[in-house]
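Please look over the chain below. The report covers its surface and overall build, then turns to a set of paired strands.

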Amino acid sequence: STQPSTPPVARGAASGMADAEESPEHAAVLRRLEEQAYKEYPHEKADQPTVHGYRINPTSSRALGPLLRCFARLAFVLFRLPILLLCLALLVVGFLPRLVWVLVIALLISLAFDKYFLHWLTSGRTGLGGLDANPGIHYKPTTRNKRIVERLSHFAGYRPPPFLFGGDWLTIAPYLLNKGSVGGRVRYQRWWVRVNKAPGPDGEDGPTRRPTGQDDDEFCALDISFPPGGFRKDRPVFLILHGLNGGSTEPYVLDTVRRANREGSTACVFIARGLMKTHVKGDHMFNGSRTSDVGAAIDLLLYAFGGESRDSPRPLATNIILVGFSMGAITAGNYTAKAKEKSGLAGTVCFSGALSAVRQLDPKLKGYSDAVWQPILAWALKYLLVKRNTTKIARSGLVKAEDVERASSITDLDKVVIVPLNGYRDVEHYYEDMCAGGRGDADGVKKLAGTAMPMLCVHAVDDPVTLYETCLAPQAKETDNVLILTTVHGGHIGWPQGWRPSLKRWDFMVDIS
């Protein structure tokens, strides 16, 4: 059959494009894809033998305890203001039991010491994010940067819906309100990209690790959606990196793909190794610092769309825009900084991603995220990725199952799983390798300054998951090509707009992209 197989994530026709007559240009793209990629997963999916006595159980009391406590804290944070307003209304109408007074006082004290609530109440004047947390675009005023800022400066004035108070609501509300698939089905073709097994650490040469052609190479999924009429070489190509625990069916990813297709662009979603239930043959699973997988995907796209590679003379015929969300934004930024002038990109856009995750380890900063949000993310990662690879983890002899179950944050999980499996000294070493700005010190800024193409990082000061301090806004002026757009409000991968946020969905991020 000449039609690629339909991936489990795709909805709609297998053609990967709207019904239209296939152009010779599009047919040539498909031929080149078939030369370098696979329509079916090429390795045999052998069942992994279990290791006797070794079991990672995400539903154990050790694993569920932090999750349940997290849900309780998040519910309290989200609903304490409405409860306070209800209690005050009861007092106004003369309902004055002692319990109501006690509850009012307790809620007022709680809100008075909540820096995220005070940030919302004072429109960002309470110092959340530090003294450098100024809304706007931080950049070095080069000619090209000025042109970019002229087109994007109005986004820095983002104003949230008045009834969504604080970064927590701005983060969770889009997922509650933006239900359903709006704009029609996204039709993906799934292709399997050969990548280097790339054991950690990634190092400075990470982007240059190309597949060897040997049996120990891995394969990662790439979901491609073509516009009506097929590929157009006069339009940019979007390569999208999804968030942690996500994939090509994340709603903000689908919105981005739909917009790109409507405007004539091809959109490709690279599935991080092992996520979306994709198979990993060897022992080298997901590693947030790995940049070689992204480089292999870019080489494939450059060849398929223009017969080029990252080593081809500049300018390249195909303009690839790398767009990353959350964890995908961290990887996108890291790849762009490490690859320098050999990135193969025309530009990069990062939403809610850390440029220096080491900064989030500061005990003075991380407490809120660790208590309210991290246990949810950590539990999902245990269930979706770690549990599926229990045999490989057990075979390493480096990870204790009870430590995995007990991990209550992404950092805890990184310490007990990613760090030992990839040869890092500690979690600080891992995060330094994982982020474009390293540790955020002079060496980290030097690494960030290696970015050779325009890279726009978008971050909200009230992001409760990836803290504002990790985006290195003040350091942008020390680089030639990094621009950091900061907003007073927005949450994490949120930025809902208007009195009816479901009408605009994730348009803030889509419009910027």
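## Surface and charge

The chain exposes about 21,900 Å². Carbon and sulfur atoms supply 56% of that area. The model is predicted, and the area is a computed value.

Charged side chains number 61 positive and 51 negative. The centres of the two sets lie 4 Å apart.

## Overall build

The chain has 513 residues, and 57% of them count as buried. Its radius of gyration is 23 Å. A compact globule with 513 residues would come near 24 Å, so the chain agrees with that expectation. Along the principal axes, the C-alpha atoms fill a box of roughly 75 × 60 × 50 Å.

The secondary structure comes to 18 helices and nine strands.

## Strands β2 and β3

Strand β2 covers residues 189-195. It is mostly covered, with six of its seven residues buried. Its partner here is strand β3, residues 218-225. The two run antiparallel and are joined by seven bridges. Valine 195 stands opposite glutamate 218 in β3.

## Strand β5 and its two neighbours

β3 also pairs with β5, again in the antiparallel sense, over four bridges. Serine 225 has alanine 267 in β5 as its bridge partner. Strand β4, residues 237-241, is joined to β5 by four bridges too, but these two run parallel. There, isoleucine 240 has valine 269 of β5 as its bridge partner.

In a regular strand, side chains alternate between the two faces of the sheet. In β5 both faces are covered. Ala267 and Val269 are buried on one side. Cys268 and Phe270 are buried on the other.

## Threonine 266

Where does threonine 266 sit? Its place is in the loop between α7 (251-262) and β5 (267-270).

Is threonine 266 buried or exposed? Its relative accessibility is 1%. Buried means under 20%, so threonine 266 counts as buried.

Which residues does threonine 266 touch, leaving out those up to four places away in sequence? The contacts include Ile224 and Ser225, along with Phe226, Pro227 and Phe231. Pro236, Val237 and Phe238 are also among them, as are Asn261 and Phe305.

How values were computed. Residues are numbered from 1 along each chain as its sequence is written. This is a predicted model: local features need pLDDT of at least 70, side-chain atom pairs count only at pLDDT 80 or more; totals for chains, interfaces and linings use all residues. Side-chain values use heavy atoms; hydrogens and water are left out. The radius of gyration is taken over C-alpha atoms; the globule rule is 2.2 Å times the number of residues to the power 0.38. Buried means under 20% relative accessible area, exposed over 50%, partly exposed in between (1.4 Å probe, protein chains only). Accessible areas come from the Shrake-Rupley method with a 1.4 Å probe; for residues, only the protein chains shown count as cover. Lys and Arg count as positive and Asp and Glu as negative; His and the chain ends are not counted. The place of a charge is taken as NZ of Lys, CZ of Arg, CG of Asp or CD of Glu. Two strands pair if DSSP finds at least two bridges between them. Contact means heavy atoms within 4.5 Å.
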